[in-house]
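Please look at the model on the screen while I describe some of its features.

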Amino acid sequence: MALETLAARYGTPLYVYSTHTLLDHFTKLDSALAPLDHLVCFAVKANSNLGVLRTLAEAGSGFDIVSEGELRRVIAAGGDPTRCVFAGVGKSEREIEFAIRQGIYSFNVESEPEIERIDRVAKRLGCRAPVAVRVNPNVDAHTHAKITTGTYENKFGIAIEQIEAVYARASRRRNIQLRGLQMHIGSQLTEVAPFRQAVEKVAPLARRLHEKYGLEFLSIGGGIGIVYQSALASGDPRWWTASKEAKSILTPATYAATLKPLLQSVGLRILVEPGRFIVGNAGALVTRVEFVKRTGSKNFVIVDAAMNDLIRPAFYDAYHEIVPIRRKAGAMISSDVVGPICESGDYFAKNRPLPKVREGDLIALLSAGAYGAVMSSNYNSRALVAEALVHGDQAELVRERQELEEIWARERVPSWLGRQKAKKRPARGRA
Ligand SMILES: *Cc1c(COP(=O)(O)O)cnc(C)c1O
């Protein structure tokens, strides 16, 4: 499917996902972990589109969810709640009750007050709730500060030194079933070493807890990094100017080969919770050039997508490869690719050598499948964009573009201002 065809059919900005890549990445990781007893739980927060979830559910994926909304999405997409783990530091009573009623596989808990709350809700429902405590192994993942989670600087998990005491106390609660142990040290890890360090620290702990409390599983979290800067976009060597900075890719083969011997010795079912690895490279954001604006020193390419559609560059200083959909011969020009929003942070690239583009040209922001559409907002009253899923030579919308009226449909003018839409008063006293 040509992105140009999809842009013509569905308009821009448009997220496009590839079924082939989704399944390819899922299968690569799943088979690399075999013959270990394991379950891949796709981290729904990376991309929660129903079409994506259904595709992965049919491939046998479980899911890592962080809210009632995500669990309801998984169920709506045909996913199995008994293959879901529920993460997050602030689960509400309502969310806990809903998840217990749906029979989720485990709550990955982050604090003792949370265990107490789950115990209380389970008691009210007359059952035992399955939990795993998230251990913070205090390992630096060497990734961006906003996506590092495995050190004591972070709000996540319980310090490894305290874990056994926490399990001892939790084991005395009547309505808690200690089912597992969990960790997640960060996102976009491009080396295997931090994973190895963390598993080396946690494996003996998991074995001890298994002997004492009969745990069933150890979850080693998500975090496998992907390539954002690649030579794939073009055969033109000048195209790939960032090659020197590009980090080597962490493959599922390396990941599994390094960790499997350590994990095998634990003797538990192993869960992994990849988000970005499955879906990141499976998506692109297609956008159209509105204007090209030259100032004294800069070439600004103003596109119809903006930071509200893809916030990663503004939020995480993220790099997305940018590719004009129709390549033209000619010199590269250092460009800033920016959106129409009234914020200096509204950019996709700065001082990036790109081929010259013109008003109306289509460009694609690559590797936008993870933490893209899910983080979009209505800032500047811009409608949430459409999402399409490609399957071989077919493509369908898996999310319609939002209508502008839907943005404010649940807003109200307060009663003291009158029920009617504010109208201009007719001018009085004039002929
Ligand atoms: C975000 C998150 C994941 C997924 O992280 P990726 O880097 O997208 O693989 C997995 N587990 C937990 C607990 C998370 O918070």
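What volume does the largest pocket have? The volume is about 640 Å³. This is a predicted model, in which local features need pLDDT of at least 70 and side-chain atom pairs count only at pLDDT 80 or more, while totals for chains, interfaces and linings use all residues. Residues are numbered from 1 along each chain as its sequence is written, and side-chain values use heavy atoms, leaving out hydrogens and water.

A pocket here is an open set of points on a 1 Å grid over the protein atoms alone, where a 1.4 Å probe fits, with protein on both sides within 12 Å along at least five of seven lines; lining residues have an atom within 4 Å of a point. The lining comprises 26 residues, and Thr21, Asn281, Ala282, Gly283 and Ser367 lie nearest the centre of the largest pocket. Elements giving two or more residues to this lining are helix H1 (3-10), strand S1 (14-18), helix H2 (19-33) and strand S11 (283-294). Helices (H or I, at least four residues) and strands (E, at least two) are DSSP runs, numbered from the N terminus.

I turn now to the backbone. Most peptide bonds are trans, and most residues other than glycine have a negative phi. The bond from Thr12 to Pro13, however, is cis, with omega near -5 degrees, and Pro13 lies in the loop between H1 and S1. Ala34 and Pro35 are also joined by a cis peptide bond, with omega about 5 degrees; Pro35 sits in the loop between H2 and strand S2 (38-43). Finally, Asn351, in strand S15 (residues 347-355), has a positive phi of about 50 degrees although it is not a glycine.

How values were computed
Grid points are joined across faces, edges and corners, and a volume is the space filled by probe spheres set on the points.
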